[in-house]
Amino acid sequence: MSARAGIGYDSHRFGEGRRLVLGGVEVPEAERGLTGHSDADVLTHAAIDALLGAAGLGDIGQHYPDTDERWRDADSLALLREVCRFLSEHGWTVRHLDATVVCEAPKLGVHRDPMRVRLSEAVGLAPLEVNVKFTTNEGMGFAGRGEGIAALAVATVERE
Ligand code: MG
């Protein structure tokens, strides 16, 4: 059995007239959402890159380029499901996912469990195998100034 870990990182800028979607969960109290070609779900994008990284299968921009109209306003959770199928075709089983969202506001804690459930369903794991954490950037940098949200993720996969 070969086990591997991969990392993922993503960031998106806040913009007017957008919904905030994180881990497939809409955050209705957010005054602004994130801009992007897809639904700009920065947490799910970091998770996708962690999984692709662990399996050695490239990155999200390679598989879902933002120049491709097929991915305009795409549901990132659907892309995550597709990536997991792709990994499975290559013999990989997803074992665990851990992520951190760097966001100054709004506070996201009440959405933690729904995000874990949605992400875990998408990758085919129990919610306990998917961890989602939140932190601020203490007012520093783009996340600290509220210009956008960043997310980091680590995934573990196994293959016979
Ligand atoms: Mg992205």
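Start by selecting T67: its relative accessibility is 69%, so T67 counts as exposed (exposed means over 50% relative accessible area, buried under 20%, and partly exposed in between, with a 1.4 Å probe and protein chains only). You are looking at a predicted model, where local features need pLDDT of at least 70, side-chain atom pairs count only at pLDDT 80 or more, and totals for chains, interfaces and linings use all residues. Residues are numbered from 1 along each chain as its sequence is written, and side-chain values use heavy atoms, with hydrogens and water left out.

T67 sits in the loop that joins α2 and α3 (76-89); helices (H or I, at least four residues) and strands (E, at least two) are DSSP runs numbered from the N terminus.

Next, show helix α1 (residues 42-55). Is α1 mostly covered or mostly open? Mostly covered: 13 of its 14 residues are buried. Step just past α1 to G56, where phi is positive, at about 70°.

Finish at F142, in helix α5 (residues 141-144). With 32% relative accessibility, F142 counts as partly exposed.
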